[in-house]
Number of protein chains: 2
Amino acid sequence: MLNKVVIFGAGLIGGSFALALKQAGAVGEVVGVGRSRTSLERARQLGIIDAVADSIEQAVAGADLILVAAPVAQTEAILAAIAPHLRSGTVVTDAGSTKTDVVAAARRALGGKIAQFVPGHPIAGREQNGPDAAIPDLYIGKKVVLAPLPENASADVDRVAAAWRLCGAIIHRLSAEEHDKVFASVSHLPHLLAFALVDDIARKPHADLLFQYAASGFRDFTRIAGSSPEMWRDISLANQAALLTELDIYTQRLSEMRELLAAGDAAGLEAIYANAQRARHDWIKTIEAAEKQSREGGD
Amino acid sequence: MLNKVVIFGAGLIGGSFALALKQAGAVGEVVGVGRSRTSLERARQLGIIDAVADSIEQAVAGADLILVAAPVAQTEAILAAIAPHLRSGTVVTDAGSTKTDVVAAARRALGGKIAQFVPGHPIAGREQNGPDAAIPDLYIGKKVVLAPLPENASADVDRVAAAWRLCGAIIHRLSAEEHDKVFASVSHLPHLLAFALVDDIARKPHADLLFQYAASGFRDFTRIAGSSPEMWRDISLANQAALLTELDIYTQRLSEMRELLAAGDAAGLEAIYANAQRARHDWIKTIEAAEKQSREGGD
């Protein structure tokens with residue numbers, strides 16, 4: 001049981017966390033902090049938070065757990081504002097999509113109190129944002145990656161893990177560096193590629209004609225290019241090194257495929273397409289089995 | 001009213017065409033031709049075709065309309081087999097995903113009878129294939145691109161267009177070259193990019209770890225990498241020139257984005273992401289409006 005939980009950012013991610021804890025009967029009071037008073041008032045109307053903080057000092061006082069669920073670029077400023085008021089007994093975690101930059105920011109902002117910060121990343125999202133998008137079951141069956149620091153006490157890591165488990169999530173652990181490499185591959189690069197394709201087509205003089213013939217395959221391929229440009233600008237830059245590495249490897253693969261195509265190498269092209277199809281098919285089978293197990297109450 | 005329609009390939013595309021014409025009461029008899037006797041018998045059981053042809057000669061005799069709905073690589077052999085038996089009064093069309101290569105193949109195969117061939121491409125598909133996947137409403141509200149030849153009589157083009165309209169489709173016209181440029185951009189390149197990404201990840205030593213964290217965005221982005229490797233090998237090679245052009249332009253865009261990312265140019269990256277997001281948003285609004293109009297009976 002958590003007596004007091006503070007969320008910085010009462011939108012989709014923070015708001016759904018609060019609603020899930022409340023539904024589990026696992027929290028006494030949820031206090032919201034944010035830049036938009038309107039948004040916080042809306043969160044209070046929706047029952048996501050019980051109170052809007054008057055000050056950071058008041059918000060942080062007596063908190064068991066603080067979740068920073070604001071855009072990653074704001075993490076350092078938020079942690080710096082929390083730092084002077086942070087007492088032992090309070091654990092801070094975050095929901096940022098990148099981790100090495102967040103850890104660096106946390107070390108700068110929290111200094112000697114860094115042991116109280118447990119980096120995290122819930123792998124869940126929806127198309128919508130803001131308090132109205134928050135739902136209590138957003139995290140059911142979803143992964144939450146924790147990237148504990150060497151300084152963290154295991155009890156503090158457990159407190160964060162237990163809160164996410166109460167939301168229905170499955171806890172995974174990676175180092176911050178592993179995390180960023182993994183998500184550069186399976187999330188950040190695909191976003192960049194999808195943005196690049198739509199931008200490429202939109203700049204062509206006959207863009208209207210092209211879009212007219214784009215069909216369901218294009219729609220799915222480019223869905224992630226409908227994501228927030230600001231958020232993905234921040235993620236791209238926050239994970240710059242790993243994203244550059246993945247982009248270079250991918251560009252090299254494209255260049256090899258270009259050679260096969262130019263040479264009319266049917267067998268070479270088919271081998272790549274077939275390897276991809278097989279790998280995706282196996283992956284889909286695995287996640288469908290996991291989803292089935294999750295629905296049946298497994299973990 | 002068409003007395004006799006012949007479909008080469010009674011799978012998803014050809015079978016759905018036959019079912020739609022039957023549902024519209026627009027055809028007397030549908031005869032099926034194909035390489036797999038089992039598949040044709042299944043199509044007959046399902047009511048897609050009324051008879052399995054004993055020979056090409058018998059199938060083609062007295063046909064009003066012949067649809068070639070087999071893999072594009074087989075088009076030339078099928079047209080060459082049809083050619084000696086083709087009488088005036090019969091119109092031949094196809095459903096291939098590329099058009100300049102099909103036109104070249106048709107000219108070689110049909111020679112002096114080329115005027116009877118009206119190239120076409122229905123823009124519709126499903127994940128499934130084969131006769132069991134065929135449904136009568138596959139083409140409702142979908143585009144069918146016709147790429148008429150200078151030799152075609154307008155009455156023959158109209159016969160093909162009328163048949164597709166009876167299936168619920170909306171007819172568009174492009175030249176074969178325009179068609180292939182458009183689909184290189186909005187379909188063939190995205191397929192190649194999706195295959196490349198999944199193949200890239202599957203080859204990494206830690207592929208299992210990566211796939212474990214791939215989520216819904218990755219799933220949508222790579223859905224088209226679940227497509228048939230043989231089919232996409234053939235399409236890639238059939239549209240080689242246009243696909244190479246689009247791939248080169250895209251690779252150039254990626255290289256420019258790499259420079260922005262390496263330079264930490266936040267504004268430059270955001271401008272590209274925002275342009276893409278806006279263009280996709282406008283496109284989705286347009287297709288949703290068109291879908292609404294189509295449901296309400298417009299054309």
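Contact here means heavy atoms within 4.5 Å. By that rule, B:Thr100, B:Asp101 and B:Val103 of helix α5 in chain B meet B:Ala176, B:Glu177 and B:Asp180 of helix α7. Sorted by class, this contact has two nonpolar, one polar and three charged residues. Keep in mind that we're looking at a predicted model.

Two packed helices are described by the angle between their axes and the distance between the axes. For α5 (residues 100-110) and α7 (residues 176-203) of chain B, the axes come within 8 Å and cross at roughly 145°. Over in chain A, α5 (residues 100-110) and α7 (residues 176-203) have axes that come within 8 Å, with a crossing angle of roughly 145°. The residues touching there are A:Thr100, A:Asp101 and A:Val103 from α5(A), plus A:Ala176, A:Glu177 and A:Asp180 from α7(A). That contact in chain A has two nonpolar, one polar and three charged residues.

## The sheet in chain B

Now for the strands. Chain B has an open sheet of six strands, running in the order β3-β2-β1-β4-β5-β6, and the pairing is parallel. At the edges sit β3 (51-52) and β6 (117-118), each of which pairs on one side only.

Zooming in on one pair, β1 (residues 2-8) and β2 (residues 27-33) of chain B line up in the parallel sense over six bridges.

## Where the two chains meet

The size of an interface is often given as the accessible area lost when the parts come together. Between chain B and chain A, the buried area is about 8,100 Å², and carbon and sulfur atoms give 66% of that. On the chain B side, B:Tyr213, B:Tyr273 and B:Trp283 lose the most area to chain A, together 10% of what that side buries. Counting residues, the contact takes 82 from chain B and 83 from chain A.

Several elements of chain B each supply at least two residues to the side touching chain A, including β8 (143-146), α8 (207-213), α11 (240-262) and α12 (266-295). Helix α7(B) gives the most to that side, with 18 residues. By class, the side of chain B that touches chain A has 49 nonpolar, 15 polar and 18 charged residues.

## Salt bridges

Over all chains, the structure holds 34 salt bridges. Across the interface of chain B and chain A there are 12. One of these cross-chain pairs is B:Asp248 with A:Arg258, whose closest N and O atoms are 2.6 Å apart.

Another salt bridge links B:Glu270 to A:Arg233, with the closest N and O atoms 2.5 Å apart. B:Glu270 lies in helix α12 of chain B and A:Arg233 in helix α10 (residues 229-238) of chain A, so this pair joins two chains. B:Arg219 and A:Glu288 also meet through their side chains in a salt bridge, at 3.5 Å from N to O. Here B:Arg219 belongs to helix α9 of chain B and A:Glu288 to helix α12 (residues 266-295) of chain A, so again the pair joins two chains.

Terms used
Residues are numbered from 1 along each chain as its sequence is written. Chains are lettered from A and ligands numbered from 1 in the order in which they are written. This is a predicted model: local features need pLDDT of at least 70, side-chain atom pairs count only at pLDDT 80 or more; totals for chains, interfaces and linings use all residues. Side-chain values use heavy atoms; hydrogens and water are left out. Axes are lines fitted to C-alpha atoms, for helices over the stretch in contact, and angles run from 0 to 180 degrees between N-to-C directions. Helices (H or I, at least four residues) and strands (E, at least two) are DSSP runs, numbered from the N terminus. Ala, Val, Leu, Ile, Met, Phe, Trp, Tyr, Cys and Pro count as nonpolar, Asp, Glu, Lys and Arg as charged, and the others, Gly among them, as polar. Two strands pair if DSSP finds at least two bridges between them. Buried area is the accessible area (1.4 Å probe) that two parts lose on being put together, summed over both. A salt bridge is a side-chain nitrogen of Lys or Arg within 4 Å of a carboxyl oxygen of Asp or Glu.
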